[in-house]
Amino acid sequence: MAAGNERSMKALKEVWKRAENSLCADCGKPDPDWASSTLGVFICLSCSGIHRNIPSISKVKSLKMDYWDDAQVQFLAKHGNAVTKAIYEAHIPIYYYQPTYNDCQVLREQWIRAKYERKEFTEPGKQLPYSDGVKEGILWKRGRDNGQFLPRKFLLSEREGCLKYFTKQDAKEPKINVKIDVINATFQPEKIGNPNGLQITYLKDNKTRNIFVYHESGKEVVDWFNAIRSVQFHYLKVAFPIASDNEIKNRLTRNFLKEGYMEKTGPKQREAFKKRWFTLDHRRLMYFKDPLDAFAKGEVFVGSGENGYSVQKGLPSGTQGNFSWHYGITIVTPDREYLFTCETETDQLEWVRAFTSVINQAMTPQEYASKCLDAVSFPS
């Protein structure tokens, strides 16, 4: 028996060492140490917990702590991540967001359920709930003034190229009507205080506006998210006919590069520093008094290094404004310097890294146009 166990463990390790199995099959996290004995995929601890919630589809076991018999090892050897992904990920729409280990639980869970439980990507041309070009339904929206979440009707239309929401079910005119190409959507469960919380941002008069929504069903809110991406993709295919699918895919919804609290001072740099919530959305640095504010109190465009933008650790010598946090950051633009302080050195380094990643990228023609239109700056 001991010899059999040793033989099985040796064979298991050989399969485990294959290059195709070095990343989690579902989220891409390195060095997965769990596997599904019924699907034949190698997965990380976090994804194994999601698999465990669909026991009719997937039976998971630890590669380090559990016993694997010869038949189970042979099944893994016959399948593995490459073979199984070729089956369950054969026909993923290019606009469908495939989450990574950095993404929130609801995105990862619905991705796993879409693959293995609902088998959404196994057949070509399959009708999917987010591929119709139109979606209508109820989302719970946070009130701008009272902070209460109330049910609101939302309508997404590819034909009209817009997203609308209505304050009443029978309302004829929408409260907002937003063109699809100025919309971004990103999951914000911690900020919103709901595991299915989704933040929808859009530009109006070249200023950012926020809507915070959720749905009790994780599947429904992820379907809304991918429906927005689907409509955006087809809209941009028409708007930019010579662009490749991958170029368009990169212009769909995006996660914020960095969010969190910093202190800021005004343009005279003599005012007291004030604690504010900051969001870096690619080249837009916005600040809010509260993370759930509908409107940014100010924005600044972060351009590229070749256009005179840079970021530095620390504050200029002789900075006069009073500040309680001591890890400074200075953003240099062609027009002025912006001064911030962070509570910890870790925060400082993360913000500097995020700003540097933006500044090191060359600006696109669209970003030049955005800068010319953007007259908003940080007030005092």
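Residues are numbered from 1 along each chain as its sequence is written. In this predicted model, local features need pLDDT of at least 70 and side-chain atom pairs count only at pLDDT 80 or more, while totals for chains, interfaces and linings use all residues; side-chain values use heavy atoms, with hydrogens and water left out.

**The whole protein**

Start with everything shown. Along the principal axes, the C-alpha atoms fill a box of roughly 80 × 55 × 45 Å. The protein has 10 helices and 17 strands; these are DSSP runs numbered from the N terminus, with helices being H or I of at least four residues and strands being E of at least two. Of the 380 residues, 49% count as buried. Buried means under 20% relative accessible area, exposed means over 50%, and partly exposed lies in between (1.4 Å probe, protein chains only). Contact here means heavy atoms within 4.5 Å. Among contacts between residues at least 6 apart in sequence, 54% join residues at least 24 apart.

**The domains**

Colour residues 1-124, 132-248 and 256-375 separately: they are domain 1, domain 2 and domain 3. Their bounds come from an automatic or database domain assignment. The centres of domain 1 and domain 3, taken over C-alpha atoms, are 41 Å apart.

Now select residues 6-129, which UniProt annotates as "domain: Arf-GAP" in an unreviewed entry. This span is 40% helix and 6% strand, and its end C-alpha atoms are 48 Å apart. UniProt, again in an unreviewed entry, places "domain: PH" at residues 132-233 and 255-360. UniProt positions are given in the numbering used here, feature names are shortened, and annotations may be inferred rather than shown by experiment. Residues 132-233 are 20% helix and 46% strand, with end C-alpha atoms 13 Å apart.

**The nonpolar cores**

A nonpolar core is a set of buried Ala, Val, Leu, Ile, Met, Phe, Trp, Tyr and Cys residues joined through side-chain atoms within 4.5 Å. Select Ile43, Leu156, Ile183, Phe187, Leu198 and Ile200, which have the most contacts inside the largest core, a set of 55 residues. Helix 7 gives the most to this core, with nine residues. Domain 1 and domain 2 each supply at least three residues to this core.

Centre the view on Ile200. Apart from neighbours within four places in sequence, Ile200 is in contact with Leu163, Ile183, Asn184, Ala185, Arg209, Asn210, Ile211 and Val213. Then move to a second, separate core of 22 residues, which includes Tyr338, Phe340, Val358 and Met363.

**Aromatic pairs**

The structure holds 18 aromatic pairs. Rings of Phe, Tyr and Trp (its six-membered ring) pair if their centres lie within 6.5 Å; planes under 30 degrees apart count as stacked, over 60 as edge-to-face and the rest as tilted.

Select Trp111 and Phe121. Their ring centres are 5.8 Å apart and their planes are at 40°, so the pair is tilted. Trp111 lies in helix 5 (residues 105-117) and Phe121 in the loop between helix 5 and strand 4 (134-142), so the pair ties together parts 10 residues apart in sequence. Both Trp111 and Phe121 are buried.

Next select Phe154 and Trp224, an edge-to-face pair with 6.4 Å from centre to centre and 75° between the planes. Phe154 is in strand 5 (residues 149-157) and Trp224 is in helix 7 (residues 218-239), so this pair ties together parts 70 residues apart in sequence. Phe154 and Trp224 are buried.

**Charges over rings**

A charge sits over a ring if NZ of Lys or CZ of Arg is within 6 Å of the ring centre and within 35 degrees of the ring normal. Select Lys153 and Phe166: the charged end of Lys153 sits over the ring of Phe166, 4.5 Å from its centre. At Lys61, the charged end sits over the ring of Trp68, 4.9 Å from its centre.

Not counting residues up to four places away in sequence, Ser37 touches Lys59, Lys61, Trp68, Gln72 and Phe75. Ser37 lies in the loop between strand 1 (34-36) and strand 2 (42-43), and counts as buried at 14% relative accessibility.

**Two positive phi angles**

Select Lys119, in the loop between helix 5 and strand 4. Lys119 has a positive phi of about 50° although it is not a glycine, and is partly exposed at 40% relative accessibility.

End at His282, in the loop between strand 12 (274-281) and strand 13 (284-288). His282 is not a glycine, yet has a positive phi of about 55°. With a relative accessible area of 24%, His282 is partly exposed.
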